[in-house]
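The sequence and structure come next.

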Amino acid sequence: MPREYDKLVRDDIPRIVRESGETPVVHAADDEEFDRRLREKLVEEAEEFAESGRVEELADVYAIVDAVLDRRDEDWETVQTTAREKAAERGGFEDGIVLERVE
């Protein structure tokens, strides 16, 4: 019985599926679809990390962000610089502050 996925997967997944005796049905995304699917995959992996808290899921988030940066011809230094600027302006997340409401 076929299983539907319709999601971006790692490059070696089709080979792994074939090695298991099944037949993957795939296509290569064009630029617009690839960018959209990377964003979708980032949300998927972030939700999996939020649910499990496992470092393996965080590694998947890292891999997706790395792919997004590569597609945009950016690097981690840009992300780190932007993060430092935001922290200087609004603070970091070291203190565990939870905003309950504003009255």
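Lys41 counts as buried, because its relative accessibility is 10% and the cut-off for buried is under 20%. This residue is located in helix H2. The model is a predicted one, so every value given here is computed from predicted positions. Leaving out residues up to four places away in sequence, Lys41 touches Lys7, Leu8 and Ile64.

**Salt bridges**

How many salt bridges does a search of the whole structure find? The search finds 14.

| Salt bridge | Closest N and O atoms |
|---|---|
| Lys7 and Glu44 | 3.2 Å |
| Arg10 and Asp60 | 2.7 Å |
| Lys41 and Glu44 | 3.5 Å |

The salt bridge between Lys7 and Glu44 joins distant parts of the chain: Lys7 is in the segment before helix H1 (13-19), Glu44 is in helix H2, and 37 residues separate them. Lys7 counts as partly exposed, with a relative accessibility of 38%.

Lys41 also forms a salt bridge with Glu44. Here both partners lie in helix H2, three residues apart, which is about one turn of the helix. Lys7, Lys41, Glu44 and Glu45 are linked in a network of salt bridges.

The salt bridge between Asp60 and Arg10 again links distant parts of the chain, with Asp60 in helix H3 and Arg10 in the segment before H1, 50 residues apart. Apart from neighbours within four places in sequence, Asp60 is in contact with Arg10 and Glu45.

**Helices H2 and H3**

Lys41 is in helix H2 and Asp60 is in helix H3. How do these two helices pack? Helix H2 covers residues 31-52 and helix H3 covers residues 55-71; the angle between them is about 160°, and their axes are 8 Å apart. H2 is therefore roughly antiparallel to H3, because an angle over 145 degrees counts as roughly antiparallel. The crossing of the two helices is left-handed.

Which residues make the contact between H2 and H3? On the H2 side they include Phe34, Leu38, Lys41, Leu42, Glu45 and Phe49. On the H3 side they include Leu58, Asp60, Val61, Ile64, Val65 and Val68. Sorted by class, the contact has eleven nonpolar, one polar and eight charged residues.

Asp6 has a phi near 45°, which is a positive value in a residue other than glycine. Asp6 is placed in the segment before H1 and counts as exposed, at 60% relative accessibility. Asp73 has a phi near 55°, also a positive value in a residue other than glycine. Where does Asp73 lie? Asp73 is in the loop between H3 and helix H4 (76-90). Asp73 is exposed as well, with a relative accessible area of 70%, since exposed means over 50%.

Definitions and conventions: Residues are numbered from 1 along each chain as its sequence is written. This is a predicted model: local features need pLDDT of at least 70, side-chain atom pairs count only at pLDDT 80 or more; totals for chains, interfaces and linings use all residues. Side-chain values use heavy atoms; hydrogens and water are left out. Axes are lines fitted to C-alpha atoms, for helices over the stretch in contact, and angles run from 0 to 180 degrees between N-to-C directions. Helices (H or I, at least four residues) and strands (E, at least two) are DSSP runs, numbered from the N terminus. Angles under 35 degrees count as roughly parallel, over 145 as roughly antiparallel, 65 to 115 as roughly perpendicular and the rest as oblique. A crossing is left-handed if the near helix is turned anticlockwise from the far one by less than a right angle, and right-handed if clockwise. Contact means heavy atoms within 4.5 Å. Ala, Val, Leu, Ile, Met, Phe, Trp, Tyr, Cys and Pro count as nonpolar, Asp, Glu, Lys and Arg as charged, and the others, Gly among them, as polar. A salt bridge is a side-chain nitrogen of Lys or Arg within 4 Å of a carboxyl oxygen of Asp or Glu. Buried means under 20% relative accessible area, exposed over 50%, partly exposed in between (1.4 Å probe, protein chains only).
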